[in-house]
Amino acid sequence: MKPRFVMAIDQGTTSTRSILFDHSGQLVAVAQLEHHQYFPRPGWLEHDAEEIWRNVDKVVNRVLGDVGATATDIAAVGIANQRETIVIWERKTGKPVRRAIVWQDTRTDAMVEEMLRAPGAEQIPQLSGLPLSSYFSAPKLRWMLDETPGLRERAQRGEVLFGTMESWLIWNLTGGVHVTDVTNASRTMLMNIRTLEWDSHLLDFFGIPAAILPEIRGSLETYGTGHGPLQGVPIAAALGDQQAALFGQTCFSAGEAKCTYGTGSFLLLNTGTELVASTHGLLTTVAYQIAGEPAHYALEGSIAITGSLVQWFRDGLGLIGSAAEIETLARTVDDNGGCYIVPAFYGLFAPHWRPEARGVIAGLTSYITKGHLARAVLESTGWQTREVLDAMNADSSLRLKALKVDGGMTSDNLLMQFVADVLDVPVVRPMVAETVSLGAGYAAGLAVGYWSDLEGLRRNWHLAAEWLPEMDQERRESEFRNWTYAVQLTLDWTSKVGNATTRVKSR
């Protein structure tokens, strides 16, 4: 019997989902579980990798049960994952040696500051395509090896294994295959962005023993077969979540771009098989690689705080009861009242890369109401997107004709209209909003022949909503100048007032 579905396992920052898609790319069933967020100190964020694996097992069983499916109904499984989050586990027992360090964690800021002054630091962007930053995996891995007694020695003996979250899941799904794909490897700062292999200079610079690393494989190829409820099912794709969204949005040609608006937001521009080295604060990353074919590259702008700013507005300030209420509150006023919020909670990411920056609310007067603050929260996402797109235009001859969007924040019509206004390009949203999961499913299905080619996947993309620019140019540029000035106010904060993480006691 021909398999009916492909399955995507989407391991995100706050939750894990299992989703089934049919041959037309339509979502058939979904199961989701949240996992705990650990904040042991200010600026630290950790996950329990075992909890995440237990949740994967639960959501896989649940989604199969919801449609009465078994392993024989599944053509392949694809994995999308939070990218720079790392875990180390024991080769013999499969047990993590400590909690995973999440991509947003800033515990290595001081370490990175020292590394920036070390010999060879200037070669890191050239080799890896990434700026030397605590955002990526290598400093987190170095910290784990340095701060966990005996771990470095165990790593050198090959007793423990390292991986980003897709490596951890593939290991568990297949019963012991230790691999990573090129998109996730490109986020570690340890892979040579041109050769697509672990780089000896990068390993030496960060002090990482090669014995701990997974094998680098293509994004679309069978790594092994599943166990348990997925017995015999090919585990046939792995993509970092943002690359998965690019794939799910069918941005297969140079010049096509998408932005995923979630906890953070990530704008990726496909540059084809040409590697474009950014000189304006963007990341050069691998978009995807089909087994046996050249890799496709992308320019990426990573924005740390967008949806999580709405969460802070809800939970930290208590000004709304649910995330959806922010649009209603923002519509109670006509503009931001001269107020701008720059959410540099963990520093500024692309295109600035200023880890010492901290957030500001600028332009406060007694005129400002919570409605103005709500609008400033939403507008901060639009302005951050504009900064990234300007950098892409400066780096590349490719010019954006439309921006494909996805993620939870795209349900906010006011925000999407504002994004179209400040970018001055149409913003379009597809019928299937789960593009991260869809991309993982597409990749797995394509790898095993469930879909025949990329053009077939393109035909599955259908428009659900479109926002066209309405703001006049003079206002657009005037507001952007104000935003740019507000950003300048965030810079050098921790260096001027002292590192807050050393002065604030853990709760």
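In the predicted model, R83 lies over the face of F266, 5.2 Å from the ring centre; a charge is taken to sit over a ring if NZ of Lys or CZ of Arg is within 6 Å of the ring centre and within 35 degrees of the ring normal. The charged end of R386 likewise sits over the ring of F480, at 4.1 Å from its centre. Residues are numbered from 1 along each chain as its sequence is written. Local features in this predicted model need pLDDT of at least 70, and side-chain atom pairs count only at pLDDT 80 or more, whereas totals for chains, interfaces and linings use all residues; side-chain values use heavy atoms, without hydrogens and water.

The structure holds 19 aromatic pairs (rings of Phe, Tyr and Trp, the latter by its six-membered ring, with centres within 6.5 Å; planes under 30 degrees apart are stacked, over 60 edge-to-face and the rest tilted). The rings of W103 and Y135 are edge-to-face, with centres 6.0 Å apart and planes at 65°. These two residues are 32 apart in the chain, W103 in the loop between β7 and α2 and Y135 in the loop between α3 and α4 (helices, H or I, of at least four residues and strands, E, of at least two are DSSP runs numbered from the N terminus). Both W103 and Y135 are buried (under 20% relative accessible area, with exposed over 50% and partly exposed in between; 1.4 Å probe, protein chains only).

F136 and W353 form a tilted pair, 5.9 Å centre to centre with 40° between the planes. This pair ties together parts 217 residues apart in sequence. Relative accessibility is 0% for F136 and 14% for W353. Ring pairs link W103, Y135, F136, F266, F349 and W353 into a cluster.
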